[in-house]
Amino acid sequence: MPGSSKKMAQARLPLVAFFGALSLFFATLEYLFPTPPWFRLGLANLPILLALDFFTFPELLLLLLLKVIGQGIVNGTLASQAFLLSSSGSLASFVVMYMAFRLIPRGWISLIGLSLAGSMASNTVQVGLSMVLIFGPASGIIAPWFLGLGTLSGLGIGWGAETLKRHSRWLRRVKLGQSS
Amino acid sequence: MAKARNSKHPDRLDALLHPTPRFLWGLALLGVLVLAPRWETRAAVMLFGGVLATLAGKRISFSYFLLLAGTVVVFHALAPFGKVLIMLGNFPLTEGALLGGWKNGLTMAGLVFVSLGTISRQLHLPGRFGKLWALTFSWYEQLMESKSRVHPGAILLSIDRILEQHYPTRPGSSPVWTQEQRSPHEPTKASGWALVILSTLAAVTLAVALR
């Protein structure tokens, strides 16, 4: 990597850390909304959705790592099956969202579509893992409910991200700062 | 499931144990929990984990975990395996399925309890990633202090203001990313080491004796 671009990448690391903090912050705000105990809305994914337009692939992976490990430490679930389910779901969601973001031409898919794709990937992986690791194959009967709720929350988070992207002055200025 | 500690529920283990040995202790207990062949050992470690989580200031709901463990048992029972205990109409309730579900449920609750009790927010991660994590955590704490300023009626505007405050982007301003240096954590006390060694030995002994 040439010296100048390496310096730029170094300068962007604090912004990656800030987006990581934002993910943890949104994860905490999630408790403001009433949900069944076994279901998470996934608000922590909102900053990841917004970050797709800001960072390179390695930076996004770093952000994902900060999010999942951070949630594990802050919630104290780092060494539990909850962490395994959450990190696997986050990784699946990220891979699908990133591929859709890169492969589908701009303007053809909004953040709502990306979020929907990500939440379906995340929930499918989590249902599959919980069937294998926790509840057994018979738990497949609750999969449609889980996936249905996941689809609704994916739509909601996508809508929130799209609204923030369009109206947030802070995001616009960060974007301008990135491109200048 | 469990709520984070607050000033009313201080982390009592923090005074005894440095976060790193505390984390390693948790891993040792989790090893026993996962590898123990008998459910009795897993139940003991799970209960001990519950005590640790409570001492760590986490308010855990045992009824929630009983319900969750019950759900695991029910789902396992739907896939018959082993000796038939009773016939419920045409459906055989089997010993293997019930025991498998019970062990899985205990393990699941134990993993969460031990994890909640032994993972401290002060846990230091090594290397450059550790530095970046420290910066992230510092910003997270600053954002959390602003949580009360999130207004549901004007959620976007209030979040935008909070973001601008902590990561200024207006012309002439720049974000500050020299996180406050955390004061080093006190080393593990003798009583802390005694707790770690005795409890790990007890768990291993129980697992070996009951195998």
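In which sense, left-handed or right-handed, does α3(B) pass α4(B)? This report on a predicted model takes up that helix pair and then turns to chain A.

**Helix pair in chain B**

The crossing of α3(B) past α4(B) is right-handed. The axes of α3 (residues 62-77) and α4 (residues 95-118) of chain B come within 8 Å and cross at roughly 150°. An angle over 145 degrees counts as roughly antiparallel, and α3(B) and α4(B) are therefore roughly antiparallel to each other.

On the α3(B) side, the residues that meet α4(B) include B:Phe65, B:Leu68, B:Val72 and B:Phe75. Among their counterparts in α4(B) are B:Leu98, B:Gly101, B:Trp102 and B:Met108. The residues of this contact divide into 13 nonpolar, 5 polar and no charged.

**Contact between the chains**

Chain A has 38 residues in contact with 38 residues of chain B. Elements giving two or more residues to the chain A side are α1 (3-29), α3 (57-75), α4 (81-103), α5 (111-135), α6 (143-167) and α7 (169-179) of chain A. The largest share, 10 residues, comes from α1(A). By type, the chain A side that touches chain B holds 23 nonpolar, 13 polar and 2 charged residues.

With 25 residues, α6(A) reaches 36 Å from its first C-alpha to its last, close to the 36 Å expected at 1.5 Å a residue. Its buried residues include A:Gly150, A:Gly154, A:Ile157, A:Ala161 and A:Leu164.

A:Tyr31 lies in the loop between α1 and α2 (45-51) of chain A. A:Tyr31 counts as exposed because it has 12 C-beta neighbours inside 10 Å.

Terms used: Residues numbered from 1 in each chain as written. Chains lettered and ligands numbered in written order. Predicted model: local features only at pLDDT ≥ 70, side-chain atom pairs only at ≥ 80, totals over all residues. Contact = placed C-beta atoms within 7 Å. Helix = DSSP H or I, 4+ residues; strand = E, 2+ residues; numbered from the N terminus. Nonpolar A, V, L, I, M, F, W, Y, C, P; charged D, E, K, R; others polar. Buried ≥ 20, exposed ≤ 12 C-beta atoms within 10 Å, placed from the backbone. Expected span 1.5 Å × (residues − 1). Axes fitted to C-alpha atoms, helices over the stretch in contact; angles between N-to-C directions. Parallel < 35°, antiparallel > 145°, perpendicular 65-115°, else oblique. Left-handed = near helix turned anticlockwise from the far one by under 90°.
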